[in-house]
Amino acid sequence: MSWGIREVITHHHVLMAYFSRPQSSAAVRIAHPTDHDDRSKSPQKRDSPQRQCRNILIYGSCRFQDKGCIYYHPPTNTIPSNVAIPESPAPPSLSAQAVNAPVFVPKSALDAVSTTSPTQSLSFTPSASPAPYFPSQEVEYDDTISSFGSFYPTTQPTFVHQPLNYHLYTNPIPDTFSPSHFISDNLREDLQKRSDLTHTIPSTPYQLPEELQGYHSLAPLEPIGPERRKLVSWCSTVYRATNMNDGATYVLRRIENFRLSHRAAFGAIESWSRIIHPNIIRVREAFTTRAFSDNSLVVCYDYHPNSQSLYELYFNPKSPGFLHGQLLGSMGHIPEATLWSYIIQIAGAVRAAHDAGLALRMIDPTKILLTGKNRLRINSCGIVDVLLYDTPQDITIIQQEDLALLGRLLIALCCNSLAALSALPKALDTMGRIYSEEIKTLALYLISKPSPIKTITQVIELIGTDRFLREMNEMQIANDRLETELGSELENGRLVRLLCKFGFINERPEFDRDPRWSETGDRYIIKLFRDYVFHQVDENRNPVVNLTHVLTCLNKLDCGTDERIMLVSRDEQSCLVVSYKEVKACVESAFSDLCRSSR
Ligand SMILES: Nc1ncnc2c1ncn2[C@@H]1O[C@H](COP(=O)(O)OP(=O)(O)OP(=O)(O)O)[C@@H](O)[C@H]1O
């Protein structure tokens, strides 16, 4: 048992008689003081001289109390001094990293705790962080001038930066995104699918090497059918595999029956591996292998689970997005705004490659993956550079080809047909009917003969600043949305780990040859706290099932606030007043004991 807690219990042996009824109002006031809220909500008390001074509410004291402040200053001993709790010992460091949640120490608490005095710790607002976190140089709020100060900018109070309240849930701005305490179903499903696909294996049996240059758990990403398209003139197969060093999942594209003539051919892979771009699937490394019982070239890429190629999405009539050969949704064609977004993203990828003296060569619907909502990435970069190392081409020419490929892709996307290009006038007619003139102009520019050459910079100018700005706005809105989603999940991970700790400690039948370990010492406080959080009953002894109460308590425990609560034994014969900080120290100490012995 820690010194701090023993002290608390001693106090409460003294206090027991006073607090013998857990429902006593004094006890409730300590556990959940709502006086301030009630008062501030009550309109008739608004202008009363008996209104409590805000300095007391905010700082616990008022410098102007005896210097003319007209507001009410409650006696300083409202909360009995004998419940003041000594500093609990620092939480012991935990060793079992795999099961351990790092101890959460709010930065502001660390910064401020040394500069404060323990006497400031009285607080009436359970949600506000208690005074010990306040920097000593705080500016006080003078209530005597506050009522008219706002009319005169010079006398406006300076607001103190309060320490963050790590245990509060805050709803997002309602008009912007729908408020929710949990991640939206769509995003959850999407992320879940990605995670799922990283682990599933195809049901059809396959024979693959157990291990390949540091990769294991190889699984084909698609069944190998009778009709195989070729990459240049080679067949390729794509596998998902796990890297032994970092445990991450990658994609290995294998070129079958390819014999590398010069090691220098890997120079292109080295250049590509340096390109980190949001619209290019990252190239990691390449090697040759005989593990497939042939000479194979393997290039490793980042894995983007649950992605779909543009071919699957827009050109394969057998895909789920089609009905009777017609693309479903949006009147059977891609919305213009989506098309511009695709153009901008691909242009960005082209720009990055060309700036690095490379060419994408892969602006092909089967090699452009949609890895998220409207998010494109060019796949398989660098591989053709290795395959065609022996037949070098002028980089300027293949960069011009990139632009032509973009133009062809654009026309095909506009017409939902890969064959559209073979009847260009009809294709242009279709484009003119559905899309703006600018799309047609851009497509014609991209497929036209270069004179003398076209550059990606000219293409970007043709797209225009307005469209880039619109794209940037959309991206920022999407980012805001994700941040909101992240906010709703902010504390969940920590709380689960906290609950795991409770699970390890509570009701443990025996530890350290002590069958009463989980019922005694610090663990007794943890047990009572668990009852306080989960086993409360109403006046009719019906369970109080209130998730907000649970989340609030656990968050306060997670950051170890100084707020005190009253824990009552099950027989209601004794009670303890402890701070979350102390309960936190008990949990850390008990859990670290368990971890030490689990090694
Ligand atoms: N880096 C990657 N991350 C996630 N999935 C990928 C990745 N690379 C390829 N895939 C998936 O693997 C499958 C096969 O890719 P591949 O490039 O071979 O496409 P394909 O349409 O079969 O083209 P090809 O006929 O040229 O093989 C596709 O379903 C693709 O979505």
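Modeller: Cys-575, Val-577 and Ser-579 point one way from β14, Leu-576 and Val-578 point the other way, and all of them are buried. Buried here means that 20 or more other C-beta atoms lie within 10 Å of the residue's own; 12 or fewer makes a residue exposed, anything in between partly exposed, and C-beta atoms are placed from the backbone. In a regular strand the side chains alternate between the two faces of the sheet. Strand β14 covers residues 575–579 and is mostly covered, with 5 of its 5 residues buried. Strands (E, at least two residues) and helices (H or I, at least four) are DSSP runs, numbered from the N terminus.

This is a predicted model: local features need pLDDT of at least 70, side-chain atom pairs count only at pLDDT 80 or more, and totals for chains, interfaces and linings use all residues. Residues are numbered from 1 along each chain as its sequence is written.

The partner of β14 is β13, residues 564–568, and the two pair in the antiparallel sense over 5 bridges; strands pair if DSSP finds at least two bridges between them. Val-568 stands opposite Cys-575 of β14. Between β13 and β14, which form a hairpin, there are 6 residues, and Glu-572 in the turn has a positive phi of about 60 degrees.

Positive phi also occurs elsewhere. Asn-416, not a glycine, has a phi of about 55 degrees. Asn-416 is found in the loop between α12 (395–415) and α13 (424–434), and Asn-416 counts as partly exposed, with 19 C-beta neighbours inside 10 Å.
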